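User: I have a model open and would like to go through it with you. Could we start with the ligand?

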Amino acid sequence: MRIDIITVVPDLLTSPFEASIMKRSIEKGLVDIQLHNLRDYSLGNYNQVDDYQYGGGAGMVMMIEPIDKCISALKEQRDYDEVIYMTPDGKTLNQGMANQISTLENIIILCGHYKGVDQRVRDHFITREISIGDYVLSGGELGALILCDAIIRLIPGVLGNETSALTDSFQDNLLAPPIYTRPAEYKGWEVPEILTSGNTPKIEEWREDQAYKHTQERRPDLLE
Ligand code: ADE
């Protein structure tokens, strides 16, 4: 999968791709991340990428021309399945969306900044708008990272044990059951006996039951 990220602050995006699972996915050649500094497509001598809004009002707006130039240059090189815009008024990211996006070949992620982008960018270039939650960030970059992490770990071969993404919370609309590791007893706090019984079918049954209870307590909306 190839992910092209368009941003005015590429520095915000570098280190998360240089560690842990996202780094490994790149090293394994399963993911290609390309960062594009929108200022490289800016207008005039001042590297301008934003301007005042028509009709007045506080805050700057990202201009259409640099964004058009950047997206068009990318589209000349390959076809894209989606051009995603990160914005608080987009559709809230969930596991189902991450699953679907992880199956795509090439995507562009545009990070908004300032007040956001000229509406014509959204009308003519964007195929999908995604929010990471009902709060406003100072830009779309952190949201883009969250989206990338959520989708990259689902790409076959990225996680060592393929089943481990399938047993994540939300994959079947259930939260994950509690998990334990050694020691079996610590300060008198014991691991549930069933988990050390070696009875695999019973353990599976217990896990399903716990996942259901956990979901009912914390996120009953997922069961509706
Ligand atoms: N940009 C600013 N706030 C955001 C949010 N909540 N989700 C995605 N992009 C954003």
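User: How far is a backbone N or O atom of Gly-133 from a nitrogen atom of the ligand?
Analyst: The distance is 3.1 Å, which falls under the polar contact rule (a pair of N or O atoms within 3.5 Å). This is a predicted model, in which local features need pLDDT of at least 70, side-chain atom pairs count only at pLDDT 80 or more, and totals for chains, interfaces and linings use all residues. Residues are numbered from 1 along each chain as its sequence is written, and side-chain values use heavy atoms, with hydrogens and water left out.

User: And what about Tyr-135?
Analyst: A polar backbone atom of Tyr-135 lies 2.8 Å from a ligand nitrogen atom. For Ile-132, a backbone N or O atom is 3.0 Å from a nitrogen of the ligand.

User: How much of the ligand's accessible area does the protein cover?
Analyst: The protein covers 96% of the 260 Å² that the ligand has on its own, by the Shrake-Rupley method with a 1.4 Å probe.

User: Changing topic: how many aromatic pairs are there?
Analyst: There is one aromatic pair, counted where ring centres of Phe, Tyr and Trp (its six-membered ring) lie within 6.5 Å.

User: Why is the pair of Tyr-186 and Trp-189 classed as tilted?
Analyst: The ring centres are 6.1 Å apart and the planes stand at 55°, so the pair is tilted; planes under 30 degrees apart would be stacked and over 60 edge-to-face.

User: Is Trp-189 buried or exposed?
Analyst: Trp-189 is exposed, at 59% relative accessible area, while Tyr-186 is partly exposed at 45% (buried is under 20%, exposed over 50%, partly exposed in between; 1.4 Å probe, protein chains only).

Conventions:
A polar contact is a pair of N or O atoms within 3.5 Å; within protein, one must be able to donate a hydrogen and the other to accept it, and residues adjacent in sequence count only if both atoms are side-chain atoms.
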